[in-house]
Amino acid sequence: MATAQLDPAALGELSAGFRGELIQPGQPTYDERRQVWNGSIDRHPAVIARCGGNDDVIAAIRFARQTGVPLAVRGGGHSFPGSSVCDGGIVVDMSTQTEVKVDPEKRTATAQAGTLLGQFDTATQAHGLAVPAGIVTHTGLAGLTLGGGIGWLMRKFGLTIDQLLSVELVTAEGEVVRASEGENADLFWGVRGGGGNFGVVTEFEFSLNPLGPQVLAGPIFWLIEESPKVLRFYRDWIAEAPDELMTIVMHRKAPPLDFVPQELHGKLIVGVVSCYAGPIEEGERVLKPLREFGSPVLDLCAPKPYLEHQSMLDPAFPHGRWYYMRACDVAELTDEVIDITVDHAMRIRSPLTTFPIWQMGGAVARVPDDATAFTSRGAGHTFNLTSMTEGPEGFEEERQWTRDFWSALEPHQMGVYVNFLMEEGEDRVREAYGAATYDRLKALKQKYDPENLFRLNQNVRPG
Ligand SMILES: Cc1cc2nc3c(=O)[nH]c(=O)nc-3n(C[C@H](O)[C@H](O)[C@H](O)COP(=O)(O)OP(=O)(O)OC[C@H]3O[C@@H](n4cnc5c(N)ncnc54)[C@H](O)[C@@H]3O)c2cc1C
């Protein structure tokens, strides 16, 4: 049905000279290619344009404008609400564009828009270098960077966008432009946090930092009964932490994995996952008080290659499960916030659900708020209230758990990271950016995309 709506002349024009692959309903790979990471998303685009270069991106944009069909842009396909796939429209799929070039002398790297975090980290770590990025290697570098990019190295080196030197982008007019501090500086400000609102980014250029390759990293777990004490201790302990230390608190039911003692399987536990981006001995000293607190039931924090640590959480967030997520920032882990957290952690039903609480601050907070379009720099912690099930069974109940938890935290919320939004409406996008940044993004949108061609995202309407 979707194909019947497409203008054959426009489709013919798109196909002529298209270097990549055009996939339509009925073709053998269609169902595989329309899937995104979140298995609860089931959309049927009219055409998936797996772009082979800038000319293909330009042709796909022209096609969307000629036909008026919706246009989605896909990097790694990890948008929580599935905004990189649409019904009845065209997907500008960048996933075959994965070339990474590292210049170890200059300490810079370029990455094409389909690059996944694991591919990027592997290329940079080959030279003992790294860009701070996310915590799951199968996430797309493109979507993550355009929203800001938080991860294990951010407190030491800043957000992913704080290391961004330039982008190459195809505009709604089909023009290829570069943006950096020295060229189209307004656009460069906007792509650092403003998401995919301004065009299709085809290449990112970053500066690199020396790292590892060994880091002291991994989780330490306690039984959930200890969580109220552990979280209070944790709060005081991180208050003195150096920027090298980044931590994430996680509650979940212990999975039945080989390295988890059998008596823990299925029991609710709390874990503090650390990554120390500095000398191992220094990290050992910093982490000692945490390791000695209470009665840990499992301590997997050890020196290891950064790449190994980066992939640790991959199996916890695989493709195809049903995911629902609400998120928020809080200033501090007050007693009330801790009590709400533990109370809701106790109510987790699904054996798969786990919700990260990220420690923010450090280098992230030292960049002025108006330097980029990212607006969570002042947050103390970011909550990712992620519920997950294998499929539809139990999904509704688990989703309700997320909603209840989020509502209970409402009085303590101070914002939200735009890459952690679901489809929550225009007001919430405005709230995420804050009035000043949102108005600036709106003016930029009016300049670069006045017809709102790029609207399947955390949309900033032209105005
Ligand atoms: C398992 C998992 C782990 C995560 N971990 C982290 C983390 O550690 N840190 C963090 O900051 N975030 C994290 N996120 C959130 C993540 O940053 C966003 O979901 C992000 O959108 C993913 O990027 P993607 O390219 O994979 O997504 P996609 O679904 O492909 O794209 C999402 C949106 O980004 C835009 N976009 C993508 N590519 C382009 C492009 N080339 N040009 C213009 N716009 C584009 C589009 O608007 C698109 O709708 C995680 C998400 C998941 C699912």
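**Close-up views of a predicted model**

View 1. The peptide bond leading from Gly-212 into Pro-213 is cis, and its omega is near 10°. The model is predicted, so that local features need pLDDT of at least 70 and side-chain atom pairs count only at pLDDT 80 or more, while totals for chains, interfaces and linings use all residues. Residues are numbered from 1 along each chain as its sequence is written, and side-chain values use heavy atoms, with hydrogens and water left out.

**View 2. Asn-209 in strand β11.** Asn-209 has its place in strand β11 and counts as buried at 10% relative accessibility; buried means under 20% relative accessible area, exposed over 50%, and partly exposed in between (1.4 Å probe, protein chains only). Not counting residues up to four places away in sequence, Asn-209 touches Gly-128, Leu-129, Ala-130, Val-131, Pro-132, Phe-157 and Gln-163, contact being heavy atoms within 4.5 Å.

**View 3. Strand β13 between its partners.** All 9 of the 9 residues of β13 (residues 245-253) are buried, so this strand is largely enclosed by the rest of the structure. Leu-245, Thr-247, Val-249, His-251 and Lys-253 point one way from β13, whereas Met-246, Ile-248, Met-250 and Arg-252 point the other way. Strand β13 runs antiparallel to β14 (residues 268-276), to which 9 bridges join it, and it also pairs in the antiparallel sense with β18 (residues 354-359) over 5 bridges; two strands pair if DSSP finds at least two bridges between them. Val-249 has Val-272 as its bridge partner in β14 and Ile-357 as its bridge partner in β18.

View 4. The largest pocket has a volume of about 550 Å³, taken as the space filled by probe spheres set on grid points that are joined across faces, edges and corners. A pocket is here an open set of points, on a 1 Å grid over the protein atoms alone, where a 1.4 Å probe fits, with protein on both sides within 12 Å along at least five of seven lines, and lining residues have an atom within 4 Å of a point. The lining comprises 25 residues, of which Arg-252, Pro-255, Leu-257, Phe-259 and Ala-316 lie nearest the pocket centre. Strands β12 (214-223), β13 and β14 each supply at least two lining residues, and the largest share, 3 residues, comes from β13.

**View 5. The nonpolar cores.** The largest nonpolar core has 105 residues, of which Phe-63, Ile-90, Ile-150, Phe-204, Phe-317 and Trp-358 touch the most other members. Helix α3 (residues 54-67) gives the most to this core, with 7 residues. Apart from it lies another core, of 39 residues, among them Leu-268, Val-272, Ile-280 and Phe-405. Such a core is a set of buried Ala, Val, Leu, Ile, Met, Phe, Trp, Tyr and Cys residues joined through side-chain atoms within 4.5 Å.

**View 6. Residues with positive phi.** Arg-107, a residue other than glycine, has a positive phi near 55° and is found in the loop between β5 (100-103) and β6 (108-112), where it is partly exposed, with a relative accessible area of 40%. Asn-452, also not a glycine, has a positive phi of about 55°; Asn-452 is found in the segment after α15 (435-448) and is buried, with a relative accessible area of 10%.

Technical notes
Helix = DSSP H or I, 4+ residues; strand = E, 2+ residues; numbered from the N terminus.
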